[in-house]
Amino acid sequence: MRCLFVLAFAAICSAAVLEDGKIIYDTDDRQDYYQASAAQQTVISQSIVALVKKTSLSCSGGVCSPASSVPTLQSSFTMCSGQNFNSQSTMAFCSGFLIDNDRIATAGHCITNPTDCADAYFVFNYHQTSSSSLATISKTADRS
């Protein structure tokens, strides 16, 4: 019983309560792409994909840019101004990861029919170059 109390007390003491009542346990040590080491960036850029609606990008000469203003996490999800990652762009509607040379896994709600797939770009190397800047998106292959 004494051990259980000590564990419960330790968990309570290491938790941070956010303004909305949600709790983050321990230290929030997540990093963004631009904060990772070069080796980590290579793995991330080659294996993680952002699903972006084709209408959200304007592509010309192999380079794509946002077709319109890109909302931030803070404006899309009403995050508090002090929260990590709140100034990041939210152009992607879903994400996924590479499971084979030509296979991607993503959540079932992201692509529910062939039209969803045809209307999306699967963007590798999608990342922030700073807390508020999105990297240039290159269009190297279009399988549609």
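Val-63 and Ser-138, the latter in strand S11, stand opposite each other where S5 and S11 (residues 137–138) pair in the antiparallel sense over two bridges. Strands here are DSSP runs of E with at least two residues, helices are runs of H or I with at least four, and both are numbered from the N terminus; two strands pair if DSSP finds at least two bridges between them. The model is a predicted one, in which local features need pLDDT of at least 70 and side-chain atom pairs count only at pLDDT 80 or more, while totals for chains, interfaces and linings use all residues. Residues are numbered from 1 along each chain as its sequence is written, and side-chain values use heavy atoms, with hydrogens and water left out.

S5 (residues 63–66) also pairs with S4 (residues 57–60), again in the antiparallel sense, over four bridges. Along this pairing, Leu-57 stands opposite Pro-66, and Ser-58 has Ser-65 as its bridge partner. Two residues lie between the strands of this hairpin, where Gly-61 takes a positive phi near 60°. Together the strands form an open, antiparallel sheet of three in the order S4-S5-S11. Because S4 and S11 stand at the edges with a single partner strand each, one side of each is left without a neighbour in the sheet.

Leu-57 and Cys-64 also belong to the largest nonpolar core, whose eight residues include Ala-50, Val-52, Met-91, Tyr-121, Val-123 and Ile-137 as well. Strand S3 (48–53) and strand S8 (120–124) are the elements that give two or more residues to this core. Such a core is a set of buried Ala, Val, Leu, Ile, Met, Phe, Trp, Tyr and Cys residues joined through side-chain atoms within 4.5 Å. Buried means under 20% relative accessible area, exposed over 50%, and partly exposed in between (1.4 Å probe, protein chains only). In soluble globular proteins, nonpolar side chains tend to be buried together.

Turning to a loop, Asn-86 lies between helix H3 (73–77) and strand S6 (94–100). Asn-86 counts as buried because its relative accessibility is 10%. Leaving aside residues up to four places away in sequence, Asn-86 touches Thr-72, Leu-73, Gln-74, Met-79, Cys-80 and Ser-81, a contact being heavy atoms within 4.5 Å.

Finally, the charged end of Lys-53 sits over the ring of Phe-93, 4.4 Å from its centre; this requires NZ of Lys or CZ of Arg within 6 Å of the ring centre and within 35 degrees of the ring normal.
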